[in-house]
Amino acid sequence: MQEAIDIQGARDLWVRPLSPACGAELGGIDLSRPLAAHEVRAIKDAWNEHIVLVFRGQKLSQDDQLRFAAYFGDLGSRKKAPEPLRARAEGIRQDHEKVLLVTNIKVDGNPIGAFGDGEFWFHIDSGYAPRPYKYTFLYALELPSRGGNTKFSNMYMAYDAVPAELKEKLKGKKALHIHEYNRAKQAKSWGDISGIPHHAHPVFVTHPDTGRKTLFVDRLMTTRIEGLDETESDAILNTLYELGERPDFIYEHVWQLGDFVMWDNRCTIHARTDFPKEERRLLRRCTVEGEPLYE
Ligand code: OGA
Ligand code: MN
């Protein structure tokens, strides 16, 4: 099913939903050229509706990507890991403050970018920060022959699926998000976390643009609900992780070269599937800066 977006001057733009959960492909637009305000508005409307947007076959320089992302807010700066965690996070070719190379490529044994090989559990980009990135934009430059898919879960749906009693119990509660720079290992939450980036956000967040409630919890970094004891917090979080990862809430993106994918971090979580580590994978990422989140 493909629908034209009926916006004056943007009649070539079309949208095609990619799954019952979330995700839509937008076509008929070349993101390497400057866009008119009404085109940006049409994309933004489609984004609020579909949460994850996919543009195929784009040819984007770094400047093109940054110009396009800046239509949606102030570009996010790459976050620096604290010294003791730094070795796991840095890459030697991270030479633009607003750009992160997501790659397993090494030169002379040194990773040129971040996030290396393998599986990456469900997470929210910079969910551990006081102002998590609103948006992330990822552009595929080199891909392995299989795997390395990115899965997106619709957290509005996850919120709606939280049982009523649990919604009541968690009303007004915050959860701690901790970033230990792991990709497939949960952060430890009950020891000393000073020196490890962390922040508490409401378990349920009202999306500032749509006004809809979403579940703001992920398996990788959200590890403690404030005001509950460890046993109860762990049990509830397990329920919430499972809801967030329900297959019927997920769109799984299988990358092609030239794909440009953008998502909203306030109402999605995302994960990466494993891929052959001897094959190269390179994506160029940028973000839009966020704001504090409220229930
Ligand atoms: C990211 C991310 C997943 C991937 O760039 O934030 O989670 O598929 N990437 O590499
Ligand atoms: Mn991510």
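A search of the whole structure, which is a predicted model, finds zero disulfides. A disulfide is a covalent bond between the sulfur atoms of two cysteines. For a pair of cysteines to be counted, the two sulfur atoms must lie within 2.5 Å.

Cysteine 267 is buried, its relative accessible area being 2%. Cysteine 286 likewise counts as buried, at 2% relative accessibility.

The backbone was examined for positive phi values in residues other than glycine, and aspartate 108 has one, with phi near 50°. Aspartate 108 is placed in the loop that runs between strand S6 (106-107) and strand S7 (110-111). With a relative accessible area of 76%, aspartate 108 is exposed.

Tyrosine 181 also has a positive phi, near 65°, and is a residue other than glycine. The loop that holds tyrosine 181 lies between strand S12 (174-178) and strand S13 (198-202). Tyrosine 181 counts as buried, with a relative accessibility of 13%. Positive phi is thus found in a loop residue that is exposed, aspartate 108, and in a loop residue that is buried, tyrosine 181.

Conventions: Residues numbered from 1 in each chain as written. Chains lettered and ligands numbered in written order. Predicted model: local features only at pLDDT ≥ 70, side-chain atom pairs only at ≥ 80, totals over all residues. Heavy atoms only, no water. Buried < 20%, exposed > 50% of the residue type's maximum accessible area, 1.4 Å probe, protein only. Helix = DSSP H or I, 4+ residues; strand = E, 2+ residues; numbered from the N terminus.
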